[in-house]
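Subject: Structure handover

Hello,

Please find the structure below. My notes on it follow.

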Amino acid sequence: MATGILQVKAISGHAGAPPGRGVQREEEVCKYIDVTTCIGCKACEVACVEWNDMPFQQTTFDNTYQTMPSTAWNYWNLIKFNEYQKDDGSLMWLMRKDQCMHCEDPGCLRACPADGAIVQYTNGIVDFQQENCIGCQYCVSGCPFDIPKFNGTTKKVYKCTLCSDRVGQGLEPACIKSCPTGCLKFGTKTDMRALADKRAQQLREHSGFPNAGVYDPPSVNGTHVIYVLHDITHPERYGGLPANPQIPVTYTLWKRVAKPIGLLMALFAAPVAFFHYITEGPKEAQPPSPGFGEPRPPEGERPQ
Amino acid sequence: MAISRRAFIQRSLIGGATLSAFGFDVGPIVAQSRTLKIARTSETRSTCPYCSVSCGVIIHTLGDKAKNAVPQVVHVEGDPDHPINRGTLCPKGASLEQDILNERRLLKPQVRRPGSDHWEDIGWDQTLDEIGRWVKRTRDATFVEKDARGRTVNRCEGIAWTGGCTDTNEFNYLVVKTMRSLGVCYLENQARV
């Protein structure tokens with residue numbers, strides 16, 4: 001299992017890589033989620049709420065086993081239930097653990113304008129630093145998986161941290177540890193990907209799921225949470241998993257084009273103004289035009 | 001515009017200093033991490049009290065057991081060294097911390113009288129007195145000395161005993177001794193410890 005000190009790899013609202021990169025071996029961590037062996041027991045949900053000491057709220061029953069419609073600012077991990085009817089009329093219960101995917105190219109981090117509110121560690125964890133969050137919620141619209149959630153009281157955004165506190169100390173995330181069926185596993189990205197590929201092959205060749213595959217979307221350069229699905233061609237059946245998650249193009253234009261141009265303009269404006277002052281001097285008040293008004297009376301003679 | 005060599009150097013220095021002051025290098029950024037809430041807790045091995053699987057758990061208690069410190073449970077998670085669950089827990093077991101940190105936890109005896117629609121608080125003395133009286137009354141009413149064929153059986157059919165999964169061997173020994181002395185035959189528990 002990959003451990004080690006958390007080293008920052010990318011920071012929101014901040015151009016370029018942080019100094020000091022590339023001097024250590026950087027293992028990437030990964031959550032492996034085999035939805036085919038999930039029994040929907042929700043131990044991971046409870047373990048998440050318990051470890052993160054989140055205040056629990058009352059839920060309502062809406063004709064599903066799902067705890068709530070979507071993840072919340074104080075509920076980062078949710079099993080999404082879908083009773084899917086197959087072509088032959090039989091039913092199949094699809095259960096997917098929904099949480100932050102910890103994308104290699106995180107849309108939230110690209111959208112965030114606050115310096116240091118979102119950081120990406122070299123092991124792949126994308127973590128929110130609430131003390132730097134300005135509550136603008138750009139990350140909410142930048143996320144292709146609808147994960148960051150806003151708290152109206154604190155005016156901050158929260159999401160799964162992949163238990164960065166535990167992982168940084170060599171422990172596995174709380175959800176992974178609790179899973180009684182072993183459908184959740186944790187380790188390096190290489191190991192988990194190999195395990196997932198092997199399981200998908202097993203499902204294809206021996207379990208009658210010819211379309212089984214691994215969900216590790218290349219459109220966000222892969223994720224640090226990967227799924228083994230019965231049918232990789234229809235990920236949207238698993239509680240709306242996007243087949244091709246995309247970061248909104250406006251954020252790419254803003255951060256990759258508009259922002260550097262704006263910074264360059266600001267960079268040039270300051271010395272231009274400075275040299276203009278040095279060479280031309282301060283702006284002089286124009287002498288009044290002849291015949292335009294009377295000269296101001298002295299201070300003591302003004303009407304009160 | 002002609003500028004002197006001295007003025008050119010002066011302006012270059014001032015401009016360079018301005019650029020450095022408003023530069024964009026924020027310096028080295030240290031790795032930030034949340035603090036681990038179980039970094040300095042005392043670990044106590046225990047058994048989950050819910051079902052008969054008897055999963056091993058570790059109870060994390062804040063405080064180093066110093067004389068003046070009042071300990072507080074902060075976290076409960078599965079025991080990876082336990083052969084039954086090897087660190088995993090079910091949703092009920094994963095919520096064990098809530099058994100302790102819960103304002104709705106029952107801390108005093110309560111009774112719901114026959115026909116009543118609510119629970120009422122009673123003291124421990126009254127509780128033990130009433131239980132004793134009911135055991136005596138029930139045993140007197142349902143005690144069977146001889147069965148239909150006249151064989152001596154000396155059993156009390158009106159009382160049953162159920163135990164929990166955390167009942168230890170020693171506790172169950174006492175339960176069996178006590179209940180058998182009353183003549184109770186219906187003994188059951190799910191203890192696997």
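In chain A, the C-alpha centres of domain 1 and domain 2 are 36 Å apart. Domain 1 covers 8-27 + 40-184 and domain 2 covers 248-282; the bounds come from an automatic or database domain assignment.

Before the rest, some conventions. The model is predicted, and local features need pLDDT of at least 70, side-chain atom pairs count only at pLDDT 80 or more, and totals for chains, interfaces and linings use all residues. Residues are numbered from 1 along each chain as its sequence is written, while chains are lettered from A and ligands numbered from 1 in the order in which they are written. Helices (H or I, at least four residues) and strands (E, at least two) are DSSP runs, numbered from the N terminus.

Helix α7 of chain A spans residues 249-280, 32 residues in total. From first C-alpha to last, α7(A) reaches 44 Å, close to the 46 Å expected at 1.5 Å a residue (the expected span is 1.5 Å times one less than the number of residues). There is a kink of about 35° at A:Ala258, shortly before the proline A:Pro260; the bend is the angle between axes fitted to the seven residues ending at a residue and the seven starting there. One of the 32 residues of α7(A) is buried, so the helix lies largely in the open. Here buried means 20 or more other C-beta atoms within 10 Å of the residue's own, exposed means 12 or fewer, and partly exposed is in between, with C-beta atoms placed from the backbone. After α7(A) comes A:Gly281, with a positive phi near 85°.

**Chain B**

Chain B contains five helices and eight strands, in the order α-β-β-β-α-α-β-β-α-β-β-α-β from the N terminus on. Of its 193 residues, 12% are buried. Contacts are counted between residues whose C-beta atoms, placed from the backbone, lie within 7 Å. Among those in chain B between residues at least 6 apart in sequence, 39% join residues at least 24 apart.

Strand β7(B) (residues 152-162) pairs with two strands, β6(B) and β8(B); pairing requires at least two DSSP bridges. With β6(B) (residues 143-146) the sense is antiparallel, over three bridges, and B:Lys146 has B:Thr152 as its bridge partner. These two strands form a hairpin with five residues between them, and B:Gly150 in the turn has a positive phi of about 85°. With β8(B) (residues 184-188) the sense is parallel, over four bridges, and B:Thr162 is partnered by B:Glu188.

Most residues other than glycine have a negative phi. B:Asn154, in strand β7 of chain B, has a positive phi near 50°, and is exposed, with 9 C-beta neighbours inside 10 Å. A:Lys155 has a positive phi near 60° and sits in the loop between β7 (149-151) and β8 (156-158) of chain A. A:Lys155 is partly exposed, with 13 other C-beta atoms within 10 Å.

**Where the chains touch**

The contact involves 33 residues of chain A and 25 residues of chain B. On the chain B side, α1 (5-21), β3 (72-78) and α2 (91-94) each supply at least two residues. That side divides into 11 nonpolar, 10 polar and four charged residues, where Ala, Val, Leu, Ile, Met, Phe, Trp, Tyr, Cys and Pro count as nonpolar, Asp, Glu, Lys and Arg as charged, and the others, Gly among them, as polar.

Regards

Conventions: Contact = placed C-beta atoms within 7 Å.
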